[in-house]
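Here is a short report for someone meeting this structure for the first time. Please look over the sequence and the model before reading on.

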Amino acid sequence: MSLDLQTIAVHGGEAAVKSEFGIVDPIHCSSTFTFPNSAAVIALNEGAIERHEYARYSSPNSHTVELKLAALEGTEDALLTTTGMSALTLLFWGLLRPGDQLLFFDRCYHRTRQFCYDYLAAYGIRCRAIPTGDFEALADAIDDKTRLIFTELPTNPHLTVIDLERLTSIARSRGVKTCIDTTLASPINLQPVQWGADFIVHSATKYLGGHNDLLAGALCGTREDLAPIRQLQGIIGAIAAPHTAYLLQRGLKTLPLRIAQQNRSGLAIAQFLAQHPKVKKVYYPGLETHDTYAEARRYLRGGGGLISFELRTDREGCSRFIDGVSIPKIGPSLGGVESLIEQPLLMSFYKASPADRQRWGIDDALVRLALGIEDTEDLRLDIEQALSLI
Ligand SMILES: Cc1ncc(COP(=O)(O)O)c(C=O)c1O
């Protein structure tokens, strides 16, 4: 029977009968798992049985969440990691060797770019940024040492939606793997495997957890592709702790409901901003005026809860607006039930040079608004009154 994502979110990956017949899984705090005898140790090593051994490799809680994540993404397997960045960096370290090339679309989370340039490059891995959506440049840059193409979809913070099928068909025809960071879409708005992607990465800190109370990441794909990455994870220990896994499992159960509300609010607030005289430009994939609206219609089931917009003012006017809203709190991150707002110039890009800010489209008066699940009209009225302050 094929189940709806709402049902998968609640029951996917979970045992039919749980410890003591409880309706929820307990938190298994054990760092180690004991064996009844030496024969059981041998059976595990021989692959005759599957069980937990040591919580740096797996725990009952991490295992259950991995099954749920794989069910939501429609992949064979998933890895639960400590953060979104650890999911990405495990993939890069696990897959790439000196001399290999990583290609990535340049509009992405600034820490991903920083990791590529400052760390991977120092280990002899060639990292090349391609202008986002420039498929000719991408195809030209592929050589026989290109192992991976990475992109976000939508991108942070401009919500660009690239043509995913074009990307995966170029990559497949050249024998290159693809990794798509769909943190901003969540599997409710997009499942990249349906379009031929190999790896899907998430900052589970965001929509998947959904309550601004945990850090975690996910990497989804086939069992075979994930096997070497899982091995590296077991060595490093970049696995979310049982308590975090439990919180994430709980958060995932309401993911479709939360995303439905964030999609609704996202579109309504983006439409409101787009017609406001103090707003210069709105970046939201659900708006017809967005540069990649056609791609968004094709690939996304909803525009999500993140909106970026430029105000008709300077950096101080923009700060006045942000200081003037009362429901969204000032802070980085997104995807939780509480709305957050930030001026990227003062947050992630404070130390970036003006030239880099211009290259990455970080206007002085750019606002990034991450909607939570508060009432849409309350949010709209709050934003409206703050706009009157500039
Ligand atoms: C698109 C995207 N990918 C990855 C990350 C990294 O996730 P984490 O903070 O969980 O390491 C972020 C964080 O903001 C993000 O926005």
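## The model

This is a predicted model, in which local features need pLDDT of at least 70, side-chain atom pairs count only at pLDDT 80 or more, and totals for chains, interfaces and linings use all residues. Residues are numbered from 1 along each chain as its sequence is written.

## Overall build

The protein has 15 helices and 12 strands. Both are DSSP runs numbered from the N terminus: helices are H or I with at least four residues, strands are E with at least two. Along the principal axes, the C-alpha atoms fill a box of roughly 75 × 50 × 40 Å. The radius of gyration is 21 Å, which agrees with the value near 21 Å for a compact globule of 390 residues. That radius is taken over C-alpha atoms, and the globule rule is 2.2 Å times the number of residues to the power 0.38.

Buried residues make up 47% of the 390 residues. A residue is buried if 20 or more other C-beta atoms lie within 10 Å of its own, exposed if 12 or fewer, and partly exposed in between, with C-beta atoms placed from the backbone. Two residues are in contact if their C-beta atoms, placed from the backbone, lie within 7 Å. Of the contacts between residues at least 6 apart in sequence, 73% join residues at least 24 apart.

## Two domains

The domain assignment gives domain 1 (5-253) and domain 2 (256-387). Such bounds come from an automatic or database domain assignment. The C-alpha centres of the two domains lie 27 Å apart. At their meeting, 25 residues of domain 1 are in contact with 28 residues of domain 2. Helix 1 and helix 8 (186-189) each supply at least two residues of the side of domain 1 that touches domain 2.

His11 lies in helix 1 (residues 5-11). His11 is partly exposed, with 13 other C-beta atoms within 10 Å. Its C-alpha atom is 9.7 Å from that of Ala71, 60 residues away along the chain.

An open sheet of 7 strands runs in the order 1-7-6-5-4-2-3, with mixed pairing. Two strands pair if DSSP finds at least two bridges between them. Strand 1 (77-81) and strand 3 (126-130) stand at the edges; each has a single partner strand, so one side of each is left without a neighbour in the sheet. Neighbouring strands are turned by 20° against each other on average, direction ignored.

Strand 4 (residues 146-152) pairs with strand 5 (residues 177-181) in the parallel sense over 5 bridges. Thr151 has Ile180 in strand 5 as its bridge partner. Helix 9 (residues 223-236) packs on the sheet and touches strand 1, strand 6 (199-203) and strand 7 (217-221). The direction of helix 9 makes about 25° with that of strand 1. Axes are lines fitted to C-alpha atoms, for helices over the stretch in contact, and angles run from 0 to 180 degrees between N-to-C directions.

Another open sheet has 5 strands in the order 8-9-12-11-10, and its pairing is mixed. Strand 8 (279-283) and strand 10 stand at its edges. Strand 10 and strand 11 pair in the parallel sense over 2 bridges.

In helix 13 (residues 315-324), Cys318, Phe321 and Ile322 are buried. They fall within an arc of 95° seen down the axis, so they line one face of the helix. The arc is that of the directions from the helix axis to the C-beta atoms. Their cover includes strand 9 (306-311), strand 12 (366-370) and helix 15 (376-387).
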